[in-house]
Amino acid sequence: MNARGILGTGSYLPARQVGNEEVAGWCGVTAQWIEERTEILTRRYAAPDEATSDLAVHAVTRALEAAGITADQLDYLIVSTSTGDSPQPPTAYLVQNAIGASGAACFDINVVCSGFVYGLELAHRLLAGRPRGYAVVVGADVYSRILDHADHRTTVLLGDGAGAAVVGPVRDGHGFLGTELSSSGEAHRLIHVEAGGSRTPLTPHTVDEGGHFFRMDGRGVRDFVMEHVPPILDRLLQSAGVGADSVDHFVPHQPNGVLLTRLVEKAGMTGARTCRTLERYGNVGSASVPVALDDGVRSGAIRDGDIVLLAGFGGGMSVGTTLMRWQENS
């Protein structure tokens, strides 16, 4: 029993729904303009008293329930986020404390929208020496706190949410079949938050200048995704010995509906079922892939033995892809 895979998933989206009419009023565009260019209809925003760790706790709790294990059985707890509760301590420690995972080694990673897939690979490798070990990986972001409502390029896209997966031993022939990770630091300016770190500390001046807001070069991101993601998916499938026509479910990051449709076509994934949640939740950053995965699992679409391909991509710029044969947790 050396195989590792996902034993259970969970997700959490805040209660507040923010529709296109409301967002359009902030940005000086129309609801129709938003829908035509993004295919997003609504997104969720965290309540004033909800932080990233709160969303993560809900998602992790649901994933543990689905996996049939308890928090005290966890060996590792990995939180992927670019909007942690605070610079210190790591958000993972707040989640650990809230769920009672006292035996888990915890840490945060920040690979923006690819982080959940990177976290799965880390969990897989960390558990290699623990035949009965378990890890939970959660992607969680609260982007509503760093949006410039006057910037239609970002505000129309982003929302808040969390998704999680428990990683552990699965039947031979199931679980992870391969992973490909890629980083392109030369493109680091395509997505960024200028202020709040050691180079440009957060000050009244940087706040006045909007340095704490999320910024994105939309066209640059689109070009990067279309150029880099399909070849990496091809490389993963070739190394795993799996043809594109054998993929049952494609679970990509959810950046924009129009871009996603183009990516599916260029990557040769039209024969797979693409898990999409962006119409309801928008782009929820590192939570996008696990939220879409959980949606596919809980809807009954993803079944035992199905081949599932995950693809995260985003700030850095980064790409994270993983292929697995799904094991249904009975």
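1. Let's start with the annotation: UniProt, in an unreviewed entry, puts the feature "domain: Beta-ketoacyl-[acyl-carrier-protein] synthase III C-terminal" at residues 237–326. In this predicted model, that stretch comes out as 32% helix and 24% strand. Its end C-alpha atoms sit 16 Å apart.

2. The other annotated piece, also from an unreviewed UniProt entry, is "domain: Beta-ketoacyl-[acyl-carrier-protein] synthase III N-terminal", covering residues 107–185. Here the model gives 20% helix and 38% strand, and 23 Å separates the end C-alpha atoms.

3. Zooming out to secondary structure, the chain as a whole carries 11 helices and 14 strands.

4. On overall size, the radius of gyration is 19 Å, which agrees with the value near 20 Å that a compact globule of 330 residues would have.

5. Now for packing. Buried residues make up 57% of the 330 in the chain. Take the contacts with a separation of 6 or more: 77% of them are between residues 24 or more positions apart.

6. What does the surface look like? The chain exposes about 13500 Å², and carbon and sulfur atoms supply 48% of that area.

Key: Residues numbered from 1 in each chain as written. Predicted model: local features only at pLDDT ≥ 70, side-chain atom pairs only at ≥ 80, totals over all residues. Heavy atoms only, no water. Helix = DSSP H or I, 4+ residues; strand = E, 2+ residues; numbered from the N terminus. Rg over C-alpha atoms; globule rule 2.2 N^0.38 Å. Buried < 20%, exposed > 50% of the residue type's maximum accessible area, 1.4 Å probe, protein only. Contact = heavy atoms within 4.5 Å. Areas by Shrake-Rupley, 256 points an atom, 1.4 Å probe, with all protein chains shown as cover. UniProt positions renumbered as here; feature names shortened; annotations may be inferred.
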